[in-house]
Amino acid sequence: MKIAQVRHMSITTFHAVADSPIQSYWEYTAFTEVDICIVGAGIIGLSTALECREKFPSANITIVEQAPHGHGATTRNAGFACFGSATELLHDVDAFGHNHAFEIANERYLGLQKLLQRCSPESIKYEHLGGAELIRASELHMLDRLSEMNALAKEITGDSETYVLLSKEEQESLGFSTAVKAVIMNKHEGQLHSGHLHATLERLAREADIRIEFGSKVMSIQDDHQAIAMISCPIGDYVLKAKAIILANNASIPLLASEFPIKPGRGQVIVTSPIEDLSFQGAYHIEEGFYYFRSLGNRILLGGGRNLDFQTEETYEFGHTDLVMNALETLLRDIIIPGKEYAIDYAWSGLMGFTPNKKPIVSNVSDHVYCAFGCNGMGVALGSRIAQSITQLITV
Ligand SMILES: Cc1cc2nc3c(=O)[nH]c(=O)nc-3n(C[C@H](O)[C@H](O)[C@H](O)COP(=O)(O)OP(=O)(O)OC[C@H]3O[C@@H](n4cnc5c(N)ncnc54)[C@H](O)[C@@H]3O)c2cc1C
């Protein structure tokens, strides 16, 4: 790597020791050497910065974020504060075994506790409305395992009735189509406003004297007795050196550290116009969480459908496909609000990152570079726990 630049001018010759021609002496000496640099201002990056502040009270901490504000999954998700829908939990038990399923759900539960401890419920517009799952005819056999689910959930919540089967009257009052045969409610879940969550974490970071360099993209990383980030921003390129760099840039971590088995996955989301007499509030899952919807005041947010075409959705590109959009609209029209008028007011997509076994990757990449990742589409819940785990590893 080129550490010093030597420029020749016609009248005199001078040596510029800064790594970038865009930096003044003042900028170079004040900003380019820090103790801790975090790549990505999503929930993991911001929470890790806050954890680091607690562990290293006088450390110089900078977050480098490519977008004008967070532009990853944290501000593009559905805002479910959930730790395990019924069939998702059973899927994990069947696929990975009881202990593995318990560990994931427990980490999510503890992560949500930590998040609500850090951010006041008012600041993130947290609503404790429960999280439920719609059971269709093909999934009715899952009801036979309700007590198994509750036994596992009791180890997490301490409540022997975490999952409750709604009565016929309660179910009918929600207004779903008759294709919905049962509704299982997890009493300990809620939902929040993802934009306000991000804004709150950003405010807490600033209050904790953490710098955030927005609009700066880390192009590559080197470890040469210290960690070095090569950064590009609209006015040019510069270098940031740190005692520790933590990669918290989610699905795009492999673009900076290729050795990790992380795969991107796009999530497509829509929000309806206000619905007259919307009959339900709260957060709902269908099909092991592959589809999800929730109330947003009197609007509905609905997303999912990645399982319709995993290959196409394994992408770093934002965007929509007709296949997924049509599936979401069909679900809305036929199952969620049959017979109701609506329009689609908002549509967006976001990128998740997946590991092979749904477990986080929190580790060293090299002596001074670390990686904090692994939300597998559950980062609202897991993000605060991953931040705690990575901070334990860091030395500066
Ligand atoms: C559509 C959708 C719905 C979801 N719904 C939920 C939900 O309801 N509940 C839940 O718990 N989880 C949900 N998730 C998952 C959750 O949002 C994520 O797991 C979580 O936000 C990941 O946080 P993060 O900090 O790892 O990454 P991100 O929030 O993606 O943050 C990474 C940041 O890094 C920045 N970045 C990337 N590359 C660089 C670079 N080279 N240089 C500088 N900056 C860089 C990005 O701009 C981004 O701001 C959803 C995700 C999606 C996409």
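Two notes on conventions. Residue numbers start from 1 along each chain, following the sequence as written. Since the model is predicted, local features need pLDDT of at least 70 and side-chain atom pairs count only at pLDDT 80 or more, while totals for chains, interfaces and linings use all residues.

I start with the domains. The chain is divided into domain 1 (5-75 + 195-261 + 357-393), domain 2 (80-192) and domain 3 (263-354); these bounds come from an automatic or database domain assignment. Between domain 2 and domain 3, the C-alpha centres lie 19 Å apart. Their contact takes 21 residues from domain 2 and 17 residues from domain 3, where contact means that the C-beta atoms of two residues, placed from the backbone, lie within 7 Å. On the domain 2 side, α3 (86-96) and β6 (131-136) each supply at least two residues. β6 gives the most to that side, with four residues. Helices (H or I, at least four residues) and strands (E, at least two) are DSSP runs, numbered from the N terminus. By class, the domain 2 side has nine nonpolar, nine polar and three charged residues. In this scheme Ala, Val, Leu, Ile, Met, Phe, Trp, Tyr, Cys and Pro count as nonpolar, Asp, Glu, Lys and Arg as charged, and the others, Gly among them, as polar.

Next, the ligand. Which of the 40 residues around the ligand come nearest? They are Gly40, Gly42, Gly72, Gly267 and Gly379. A residue is near a molecule if its C-beta atom, placed from the backbone, lies within 6 Å of it. Elements giving two or more residues to the shell include α2 (43-55), β14 (263-272), β18 (344-354) and α11. The largest share, four residues, comes from α11. Domain 1 and domain 3 each provide at least three residues of the shell. Its classes are 18 nonpolar, 19 polar and three charged.

α11 also packs against other helices. Two packed helices are described by the angle between their axes and the distance between the axes. Here, axes are lines fitted to C-alpha atoms, for helices over the stretch in contact, and angles run from 0 to 180 degrees between N-to-C directions.

Take α2 and α11: their axes come within 8 Å and cross at roughly 35 degrees. The crossing is right-handed, meaning that the near helix is turned clockwise from the far one by less than a right angle. Among the residues in this contact are Ile43, Ser47 and Glu51 of α2 and Gly379, Gly383 and Ala387 of α11. The contact has seven nonpolar, seven polar and two charged residues.

The axes of α4 (residues 98-118) and α11 (residues 379-393) come within 7 Å and cross at roughly 80 degrees. α4 is therefore roughly perpendicular to α11; the bands are under 35 degrees for roughly parallel, over 145 for roughly antiparallel, 65 to 115 for roughly perpendicular, and oblique for the rest. Contact residues include Glu107, Arg108 and Gly111 of α4 and Leu382, Ser384 and Arg385 of α11. This contact has five nonpolar, three polar and five charged residues.

Last, α4 packs with α5 (residues 146-157) at an angle of about 45 degrees, with the axes 10 Å apart. So α4 is oblique to α5. Phe102 and Tyr109 of α4 and Leu152 and Ile156 of α5 are among the residues in contact. By class, there are six nonpolar, three polar and one charged.
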